[in-house]
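Here is a short report for a reader new to this structure. Look over the sequence and the model first, then follow the sections below.

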Amino acid sequence: MRVRNPRPTQAAGIPAQRDGRGADASPGRMGTEGKVLNVFSHGVLVLWALMVTLPLLWAVMSAFKTDKEIFTSPWAPPGGLHFDAWGRAWSQAHMSEYFLNSVIVVAGSLTGTMLLGSMAAYVLARFEFPGNRFIYFLFVAGMSFPIILALVPLFFVMENMQLLNTYPGLILVYIAYSLPFTIFFLSGFFRTLPTSVAEAALIDGASHARTFFQVMLPMAKPGLISVGIFNFLGQWNQYLLPTVLNVGDDDKKLLPQGLVALAVSQGYKGDWSGLFAGLVMAMLPVLAAYIVFQRQVQAGLTAGALK
């Protein structure tokens with residue numbers, strides 16, 4: 001019996017097959033194009049890595065230099081490790097107070113954002129009720145609303161509520177500012193979780209609240225860590241909101257406000273090494289958080305695609 005070959009091989013003397021553009025669709029040509037594309041993509045990634053890491057390394061080196069070394073040899077490594085600039089930035093420039101204020105505000109706002117955002121995202125993703133999609137798209141629309149347009153009415157609202165220059169006021173505003181993205185991100189992640197696990201927990205007698213906190217929330221750990229890192233970066237580096245809502249009280253300024261005040265004071269003092277030391281202090285928590293949770297962030301970003 002003769003077996004029909006669905007892909008006949010090219011006989012001798014017959015020209016190679018061509019694609020729609022008339023070019024030879026040979027494996028060798030495709031391999032060459034793939035290598036060129038691979039080299040180009042790797043070159044772009046290397047260039048991007050240099051653009052990100054070189055300013056960071058330069059700031060770290062400058063934090064260990066003296067002011068004379070910064071101006072005479074800005075690109076050279078420091079002649080020695082000078083830690084006196086770190087002491088001046090921490091004590092004399094009040095970076096320790098600003099750092100503590102930022103920790104208090106970001107810790108409270110991040111906790112509230114993750115708790116409220118995960119609960120709202122779970123309900124919108126797993127339950128059907130009238131107005132579900134309307135509420136969801138209302139949160140999504142909040143992502144496209146520029147925060148600068150709400151600064152003036154937000155200032156008067158916070159003033160009427162007597163929440164200006166207070167930690168609770170900034171925490172509430174940070175939570176409201178971060179909820180749209182958190183709900184948008186987590187609602188898509190909760191949809192990828194298996195429904196059978198939640199149904200089994202309900203059959204065993206668990207309430208909806210217990211099912212959420214003890215079953216579904218641990219399963220959503222990669223997504224929670226990913227969106228938590230994004231919220232931490234945005235809230236830690238937030239400058240516009242505390243500048244408008246945290247005025248008149250230097251004791252409650254946050255770290256971005258302190259860095260701006262330190263940069264302005266350099267025009268009179270010339271303590272550039274202290275400025276770079278304060279800048280590195282502000283970057284260290286962000287770098288540490290990303291280094292520690294790097295694998296979880298990558299897993300959370302790819303979990304929805306893999307499932």
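Leu154 sits in helix H6. This is a predicted model. Is Leu154 buried or exposed? Its relative accessibility is 18%, and buried means under 20%, so Leu154 counts as buried.

Which residues does Leu154 touch, once neighbours within four places in sequence are left aside? They are Val173, Leu241 and Leu245. Take Leu245. In sequence, Leu154 and Leu245 are 91 residues apart. In space, their C-alpha atoms are 8.5 Å apart.

## Phe185 in helix H7

Phe185 belongs to helix H7. Helix H7 covers 167-191. With 18% relative accessibility, Phe185 falls under the 20% limit and therefore counts as buried.

Phe185 can also be placed against Gly117. Along the chain, 68 residues separate the two. Between their C-alpha atoms the distance is 9.4 Å.

## The nonpolar cores

The largest nonpolar core has 27 residues. Which members touch the most other members? They are Ala63, Trp86, Met95, Phe232, Trp236, Leu255 and Ala277. Several helices each supply at least two residues of this core: H1 (27-63), H3 (84-92), H4 (95-126), H10 (221-236), H12 (255-269) and H13 (272-292). H13 gives the most, with 8 residues.

Not counting residues up to four places away in sequence, Trp236 touches Phe99, Ser102, Val103, Val106, Leu255, Pro256, Ala282, Pro285 and Val286. A second core is separate and holds 19 residues. Among them are Leu124, Leu186, Phe190 and Met216.

## One salt bridge

How many salt bridges are counted? The count comes to 1. Side chains of opposite charge can pair when their charged atoms come close. Here Asp84 pairs with Arg88. Their closest N and O atoms are 3.4 Å apart.

Asp84 is partly exposed, with a relative accessible area of 46%. Arg88 also counts as partly exposed, because its relative accessibility is 23%.

## Two loop residues with positive phi

His94 lies in the loop between H3 and H4. The phi angle of His94 is near 60°, a positive value in a residue other than glycine. At 36% relative accessibility, His94 is classed as partly exposed.

Asn165 is found in the loop between helix H6 (151-160) and helix H7 (167-191). Asn165 is a residue other than glycine, and its phi is positive, near 60°. The relative accessible area of Asn165 is 23%, so this residue is partly exposed.

Definitions and conventions. Residues are numbered from 1 along each chain as its sequence is written. This is a predicted model: local features need pLDDT of at least 70, side-chain atom pairs count only at pLDDT 80 or more; totals for chains, interfaces and linings use all residues. Side-chain values use heavy atoms; hydrogens and water are left out. A nonpolar core is a set of buried Ala, Val, Leu, Ile, Met, Phe, Trp, Tyr and Cys residues joined through side-chain atoms within 4.5 Å. Buried means under 20% relative accessible area, exposed over 50%, partly exposed in between (1.4 Å probe, protein chains only). Helices (H or I, at least four residues) and strands (E, at least two) are DSSP runs, numbered from the N terminus. Contact means heavy atoms within 4.5 Å. A salt bridge is a side-chain nitrogen of Lys or Arg within 4 Å of a carboxyl oxygen of Asp or Glu.
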